[in-house]
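The following exercises ask the reader to work from a sequence and its three-dimensional structure.

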Amino acid sequence: MSAVLVLSAVGVAAAVQLETPIPEDLSWGTMCNNTRVSYLHAFLQLCARNKAAIHGKACHARAIRLGLQEGTTTSNILINMYCKSGLLSSARKVFDGMPVRSLVSWNTLIGSYAQNEEAHEALNLFKLMQRNGSSFSEFTVSSVLCASVAICAVSVCKQLHGFAIKAAVDSNMFVGTALVDVYAKSGLLRDAGWVFESMRERSVVTWSCMVTGYVQNGLFEEALLLFRRVQIMEVEPDQFLLSSVICGCAGLAALIEGKQVHAIISKTGFGSNIFIASSLIDMYAKCGSVEDAYTVFTGIEEKNVVSWNAMISGFAKHARALEAMISFEKMQQMGLYPNEVTYISVLSACSHMGLVDEAKSYFDLMVRKHNISPNAIHYSCMVDTLGRAGMISEAYDLIQRMPFVATVSMWGSLLACCRFHGNLEIGEVAAKHLFEMEPDNAGNHILLSNIYAANKKWEGVVRARKFLKEKAVKNERGKSWIAIKDRVHAFMVGEINHPRITEIYSELDKLVEEVKILGYKVETEHDLHDVEESRKQQLLKHHSEKLALSFGLLCLPATAPIRIMKNLRICGDCHSFMKHASSITLREIIVRDINRFHHFRQGRCSCGDFW
């Protein structure tokens, strides 16, 4: 560079990209002041675009030396450069030193605070702006609303909503979108819906915020219905909207809808997006099709930890522990390090299959090799693994030795294992903790009653049932559902309202007689109603998953697998029935209960009767 430097755009870009320092002998003497300022602004804007903080600082220092830092526009460009470079403290110094601030000054700094998760600073600056009587814009309000999302400040959000209405900016699309986002993320879906429906104009971000809000709050059906409106209105979906819809399909185990969304993703070109692909893997696994999940996984060119975790978790859910462990090793061979989520998945796979030694090895490896501190979920997996394998005392010792208080999940797992293995002493201890932590959960009392019954402690059984009656603690009713031709059919025990219920019961009666030939016997110990034996047999016979199976046999093609979803753990009697039914019908029966997937084929279950 010559002593008299003409800062062309090409020269500045080269200086920034090559990270060369600004020469100390720059002579601006031949330039008029306006030209100097123009070049200064051009250089600072290029520094902002390239996030070249070192060059920006040097240019700022030169501007001060030459007396060019004065002026609101120059200060605004400096604030923008520092904000884009992540130096918010430097941006604030420039801001505080400005004799006169414009709306751009306030908006740039408030927006940067919000984007960089410094929500309190954004809110405080907005308060200062109001005290100073400065004018504001829709961008100001939407930025502050975004900041209140980050700290879940619902009361602040409502005040800002009122402020937006008073200032007549609530109809602005960006303000409305920010309101929808903050209300949805705070669980206030009615408020979010009210704002959403009142908006005259919506962007794809607005639709995405509303769909995501439904999904995050477990309202999966509402999310899919809203996505249907997106399609009707011909809104072009983005990757965030599609990812949320996939999660909604996963939550409902809606395989047909999930495949339709997958087709849309392929058509719109988002299939190569690693996060979309990982969501698809998770969706297919949760819908009972681990094969489809693996197909998506193998199609990813550059897999990251998220995609590997999704696949390992999918294998674990379907009791395919070997595939989960092989994937765990392959992941490391590809140069990726497992994180705490990876270990949760692989430990869960060991838990479902009773692989105690392998689980202990992974737990040790997590701490020793990868320096990951085990959290409550890791310990819960270990408690479950030991308990399922009958090592109840060791599981209880692990709970006592943990560096933190045991969770409901741990005590619940231990109680369930005590019920399975008939350990009354530790079962009573686990139940006592659960009664204190979740007094309204009838399932804990029922499990303890089962342990008493298994140990022939009938006074304990009577005591548990009496407690349930006196406290009016209601057990959640079992419900199963099955998708047939784009429609979901739900069944309760003893269902009478389905339009084809007569055919369903007839089909079930025939199936019961056939499976009895293979040796199936009704296991009445799985029914805890205080009724006669014949009535227990009738109740078990009409469990919701058996009704869903019968309907599936009536409606689905002979080669199609029957996929049933259930809101509770499948009982032992239904588990035995499904195994025999898979032999008689020569069908694959897939049941997803609250804990895991059961794949019934040729008289066997993928869980190995270990669930």
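**Exercises on rings and strands**

W207 is buried, at a relative accessible area of 2% (buried is under 20% relative accessible area, exposed over 50%, and partly exposed in between, with a 1.4 Å probe and protein chains only). The model is a predicted one, in which local features need pLDDT of at least 70 and side-chain atom pairs count only at pLDDT 80 or more, while totals for chains, interfaces and linings use all residues. Residues are numbered from 1 along each chain as its sequence is written, and side-chain values use heavy atoms, with hydrogens and water left out.

**Exercise 1.** Classify the ring pair of F196 and W207 and state which helices it ties together.

*Solution.* Step one is the rule: rings of Phe, Tyr and Trp (its six-membered ring) pair if their centres lie within 6.5 Å, and planes under 30 degrees apart count as stacked, over 60 as edge-to-face and the rest as tilted. Step two concerns burial: F196 is buried, with a relative accessible area of 1%. Step three applies the rule: the ring centres of F196 and W207 are 5.0 Å apart and the planes stand at 80°, so the pair is edge-to-face. Step four places the residues: F196 belongs to helix α11 (residues 189-198) and W207 to helix α12 (residues 204-216), so the pair ties together parts eleven residues apart in sequence. Helices here are DSSP runs (H or I, at least four residues), as are strands (E, at least two), numbered from the N terminus.

**Exercise 2.** Determine the class of the pair F136 and F163.

*Solution.* By the ring rule, the count comes to 14 aromatic pairs. For F136 and F163, the centres are 5.0 Å apart and the planes lie at 45°, so this pair is tilted. F136 is in the loop between α7 (119-131) and α8 (138-150), and F163, 27 residues away, is in helix α9 (residues 154-166). F136 is partly exposed at 29%, and F163 is partly exposed at 22%.

**Exercise 3.** Give the strand order of the open sheet and identify its edges.

*Solution.* Strands pair if DSSP finds at least two bridges between them. The open sheet has six strands in the order β2-β1-β3-β4-β5-β6, with mixed pairing. At the edges stand β2 (487-492) and β6 (604-605), each with a single partner strand, so one side of each is left without a neighbour in the sheet. Within the sheet, β4 (residues 589-592) and β5 (residues 597-601) run antiparallel and are joined by four bridges. V591 has H598 in β5 as its bridge partner.
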